[in-house]
Amino acid sequence: MEADVDPRHVLLLDLDGVLVDTRPVMESAWKAVQESHGIDVPFEEYERHLGRPFNDIMERLELTDVGGIHAIYSRASMAAAHLARQFDGIAEVLHAFVAADWRLGIVTSKPLDRATPLLAQLGCPFATVRVPGGQGRGKPAPDPLLLALVDLGADPAHGTYVGDMAVDQEAARRAGVSYIHAGWGYGCPGTPTPEIAQSPKDLLRLLDARHRDTAFVEGSLP
């Protein structure tokens with residue numbers, strides 16, 4: 001990492017349920033899977049395992065033909081991508097962190113071809129994006145978080161991960177990274193109860209309290 005970048009200012013974020021509301025997209029894609037494969041597993045059961053790699057979810061749902069299901073799900077997700085919406089205030093919060101010299105990274109279980117258009121909508125310079133298919137295991141293993149920190153030249157003690165599922169919290173714990181739960185997301189926090197941000201703007205308050213020597217740009221957000 002460059003010498004003039006404070007290594008404490010590293011914020012890693014999940015995508016679905018934290019930055020973008022993709023539940024309507026996922027519901028539409030899962031409906032396509034149900035219709036094409038005659039699957040009666042409700043979307044709520046699929047949603048319960050969000051954050052894990054797709055193959056892991058299929059195993060937990062005891063579904064076979066993973067390749068065929070994934071192909072249908074991916075095509076249907078791309079077709080329904082227009083249903084995704086940014087959470088209110090999230091883009092402004094991200095830009096406030098960037099203006100305060102934080103380095104931002106994404107750690108998601110969404111494949112790169114589906115994640116890239118969503119991230120582009122935010123208009124934010126992410127310094128690293130970690131998705132499935134590369135090195136290491138998927139969440140809740142610590143690998144993607146640790147690899148993102150390697151990308152940014154930062155130690156685990158200097159990073160914070162924002163997620164919305166218990167697997168996100170477990171991955172952060174195993175990686176030795178601080179965790180903040182996105183209370184506006186899809187899942188409940190695990191135990192022990194972590195810090196919870198009730199809104200995207202609440203992230204500024206929580207992280208400014210943690211790093212009191214860091215002043216966010218005055219007037220950047222109310």
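Tutor: What follows starts with the packing and then turns to pockets, loops and cysteines.

The model is predicted, so local features are reported only at pLDDT of at least 70 and side-chain atom pairs only at pLDDT 80 or more, while totals for chains, interfaces and linings use all residues. Numbering runs from 1 along each chain as its sequence is written, and side-chain values use heavy atoms, with hydrogens and water left out.

Begin with L149, which sits in helix 7, residues 143-152. Helices (H or I, at least four residues) and strands (E, at least two) are DSSP runs, numbered from the N terminus. L149 has a relative accessible area of 1%, so it is buried. Buried means under 20% relative accessible area, exposed means over 50%, and partly exposed is in between, with a 1.4 Å probe and protein chains only. A contact here means heavy atoms within 4.5 Å. Leaving aside residues up to four places away in sequence, L149 touches V10, L12, A154, D155, P156, G159 and V177. H95 is 54 residues from L149 along the chain, and their C-alpha atoms are separated by 20 Å.

Now the cores. A nonpolar core is a set of buried Ala, Val, Leu, Ile, Met, Phe, Trp, Tyr and Cys residues joined through side-chain atoms within 4.5 Å. In soluble globular proteins, nonpolar side chains tend to be buried together. The largest nonpolar core has 54 residues, and those touching the most other members are L19, W30, Y46, M58, L94, F97 and F126. Apart from it lies another core of 14 residues, and L149 is among them, as are A171, A172 and Y179.

Just after helix 8, G176 takes a positive phi of about 75°.

Next come the pockets. Rolling a probe the size of a water molecule over the atoms shows where empty space is left. On a 1 Å grid over the protein atoms alone, a pocket is an open set of points where a 1.4 Å probe fits, with protein on both sides within 12 Å along at least five of seven lines, and lining residues have an atom within 4 Å of a point. Grid points are joined across faces, edges and corners, and a volume is the space filled by probe spheres set on the points. The largest pocket holds about 310 Å³ of space. It is lined by 23 residues, and the closest to its centre are D16, Y46, R52, S109 and K110. Helix 3 (54-60) and helix 4 (66-79) are the elements that give two or more residues to this lining. Helix 3 gives the largest share, three residues. The lining divides into eleven nonpolar, five polar and seven charged residues. Here Ala, Val, Leu, Ile, Met, Phe, Trp, Tyr, Cys and Pro count as nonpolar, Asp, Glu, Lys and Arg as charged, and the others, Gly among them, as polar.

The second largest pocket holds about 190 Å³. Its lining has 16 residues, and V131, P132, G133, R137 and G138 are the closest to its centre.

The loops have some backbone details. Most residues other than glycine have a negative phi, and most peptide bonds are trans. E62 has a positive phi of about 60° although it is not a glycine, and E62 lies in the loop between helix 3 and helix 4. With a relative accessible area of 72%, E62 is exposed. D65 is found in the loop between helix 3 and helix 4 as well, and its phi is near 50°. A cis peptide bond joins K139 and P140, with omega about 15°; P140 lies in the loop between strand 5 (128-130) and helix 7. The bond from T191 to P192 is cis too, with omega near -5°.

Last, the cysteines. A disulfide is a pair of cysteine sulfur atoms within 2.5 Å, and by this rule the count is zero. C124 has 11% relative accessibility and therefore counts as buried, whereas C188, at 63%, counts as exposed.
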